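Hello,

Here is the structure I promised to pass on to you. Have a look at it first, and then read on for my notes on what turned up.

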Amino acid sequence: MHVIATAGHVDHGKSTLVRLITGMEPDRWEAERRRGLTIDLGFAWTDLPRVGEVAFVDVPGHERFVPNMLAGIGSVPAVLFVVAADAPWMPQAEEHLAALDALRVSHGLLVITRADLADPEPIRRTALARIARTSLGVVPSVVANDGVAGVKSAIEDLVAGLPEPDPGGDVRLWVDRSFTVAGAGTVVTGTLQAGTVRPGDELLLRGSPVRVRGVHALGRSRDQVSAVARIGVNLRSVDRFEVERGDALLTPDAWWAAHVVDVDAAVLARQVVLHIGSAAVPARAHALRDGSRLFVSRPVPLRVGDRVLLRNGHDIVGATVLDLDRLGRSPVFTGAQRKALGRPARLIAGDCYTDQWDSLAAQANAALTQWRAAHPLEPGLPTETLRLALRLPSPDLVAPLITPPTTLPTAVVAVLEALAEDFATNPFAAPDSARQQQLGTRALAAAVRAGHLLKLPDGILLPPDAPQRAAEILAHLPQPFTTSQARQALNTSRRVALPLLAYLDHTGTTRRLPDNTRQLRQ
């Protein structure tokens, strides 16, 4: 299955377009159909000959319903951007485009409606120029009035170019609806971005285990559903009022319930709303040297590298998560220590691989050096004194800081040895989901945390020096180069090439041009 969201100004025909493509009514509320105005998220689906099942998330275009719109686009990989031929570029089109750019959505199709009322070329040129300046880049366009067959064909082309999902990844299903089905109980729906859900699975909801009673997709019961997909999950022994939009069903022990989030974006205002998936969480923001620190009003399941939106009124910026406070497990540091480290340090008992290990180790050794200078006759700094100085929760954590471990767990070593053989043939032949499951997802995650593997979006795992090696290879190509040329030069698949090139763009190694080619930065 594939999932696409709509975007665009109110009353430009998004719902009508979805209705024509699918034959289904996306507006779920009687008030929406009576007023001809989408208020909340709508859902519809169809089967297209070349690509199979395609589901659509229809979002409201009115400025009063921006949070609903963000809940709809937050989990989808592609967008139908709709503009009307008989209207100029409109404010909500600009706001939707800004949100898509902030989320770094990179796959889209421009659809022009109401071409029977005006020449579509002026708005096509305007829209394409504005879209080209965002993460979407140069997108194809189609005029809806030329026939629904042309729109469906363009959607098939769009879907064919989407990155492969990660069915073996960790589940984080952001809930966008919850309701009760007679005889079945509570059902929640959302867009499954990664992983697979089956009846009988145990997931976490607000920190408590819940059991999956049944799984549905596109109106049918399924034995399992894998990403990317619109999915309905029937939960056992969960009341409808115990779950709401913005909650998430999670793979146990795979996500951090964060109260404090460091991001790379500058502060918009003291009070902001953090958006990720369907969640909208109020937060208090403080400026840092390299971004902002957010104190969120409730725990949010996140990972370092997640892309989030920060909103204050109509102002929206995108941000990448740099650091997280793991709720209930982090030591308390003084203001001076936080300032010295730049971001709060993390240390989890039994886990020697932390976000700020080097900083903590350096601080511990500095304290040890100062103690020895002041007490030359003493044998060494008492462990308890150092523990208190660093605000560590246990004295068992002090020794590893002074002498960092040099060995990796056996399971991680085995994984790295196996992958070394794979990468010896081709360093850009990332293991697929089946290979990752064979090696063990926990061991792979530990290898990533230890810095022995680089994890890119869509579950792509590569050697940590892969970006540097890719840049050396791409330097021999004629500049600028296409994605296809890069893929062939790297001897890899499109599944690997797209996120790797996006990573090179983000780190400033390459620059993406308006015609979707790239060139190495000097």
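The lining of the second largest cavity in this predicted model has four nonpolar residues, three polar ones and no charged ones. The residues around the second largest cavity are Leu 70, Gly 74, Leu 103, His 275, Ile 276, Gly 277 and Leu 309, and its volume is about 30 Å³. Searching the whole structure gives two cavities of 30 Å³ or more. The largest cavity has a volume of about 50 Å³. It is lined by 10 residues, and those closest to its centre are Ala 71, Ser 75, Asp 176, Thr 191 and Arg 230. Sorted by type, the lining of the largest cavity has three nonpolar, five polar and two charged residues. As a reminder of the idea behind such a search, rolling a probe the size of a water molecule over the atoms shows where empty space is left.

Helix 14 (residues 466-474) and helix 15 (residues 483-490) have axes that come within 10 Å and cross at roughly 110°. An angle of 65 to 115 degrees counts as roughly perpendicular, so helix 14 is roughly perpendicular to helix 15. On the helix 14 side the contact is made by Ala 470, Ile 473 and Leu 474, and on the helix 15 side by Ala 486, Ala 489 and Leu 490. By type, that contact has six nonpolar residues, with no polar and no charged ones.

Helix 14 also packs against helix 16 (residues 494-506), at an angle of about 90° and with the axes 11 Å apart. Helix 14 is therefore roughly perpendicular to helix 16 as well. Pro 467, Ala 470 and Leu 474 of helix 14 make this contact with Leu 500, Leu 501, Tyr 503 and Leu 504 of helix 16. The residues here are seven nonpolar, no polar and no charged.

Leu 17, Leu 20 and Ile 21 in helix 1 meet Val 148, Val 151, Lys 152 and Ile 155 in helix 6. This contact divides into six nonpolar residues, no polar ones and one charged one.

Now for the backbone. Most residues other than glycine have a negative phi, and most peptide bonds are trans. Val 228 is in the loop between strand 14 (225-226) and strand 15 (229-236). Another is Arg 104, which is not a glycine and yet has a positive phi of about 60°. You will find Arg 104 in the loop between helix 4 (91-102) and strand 5 (108-113).

On to the charged side chains. How many salt bridges are there? The count comes to 16. One of the salt bridges pairs Arg 220 with Glu 53, and their closest N and O atoms are 3.3 Å apart. This pair links distant parts of the chain, since Arg 220 belongs to strand 13 (residues 220-222) and Glu 53 to strand 3 (residues 52-58), 167 residues apart.

Finally, a word on Arg 435, a residue of helix 12 (residues 433-439). Leaving out residues up to four places away in sequence, Arg 435 touches Ala 418 and Asp 422. The C-alpha atoms of Arg 435 and Leu 419 are separated by 9.8 Å, with the two residues 16 apart along the chain.

Conventions: Residues are numbered from 1 along each chain as its sequence is written. This is a predicted model: local features need pLDDT of at least 70, side-chain atom pairs count only at pLDDT 80 or more; totals for chains, interfaces and linings use all residues. Side-chain values use heavy atoms; hydrogens and water are left out. Axes are lines fitted to C-alpha atoms, for helices over the stretch in contact, and angles run from 0 to 180 degrees between N-to-C directions. Helices (H or I, at least four residues) and strands (E, at least two) are DSSP runs, numbered from the N terminus. Angles under 35 degrees count as roughly parallel, over 145 as roughly antiparallel, 65 to 115 as roughly perpendicular and the rest as oblique. Contact means heavy atoms within 4.5 Å. Ala, Val, Leu, Ile, Met, Phe, Trp, Tyr, Cys and Pro count as nonpolar, Asp, Glu, Lys and Arg as charged, and the others, Gly among them, as polar. On a 1 Å grid over the protein atoms alone, a cavity is a set of points where a 1.4 Å probe fits but cannot get out, and a pocket is an open set with protein on both sides within 12 Å along at least five of seven lines; lining residues have an atom within 4 Å of a point. Grid points are joined across faces, edges and corners, and a volume is the space filled by probe spheres set on the points. A salt bridge is a side-chain nitrogen of Lys or Arg within 4 Å of a carboxyl oxygen of Asp or Glu.
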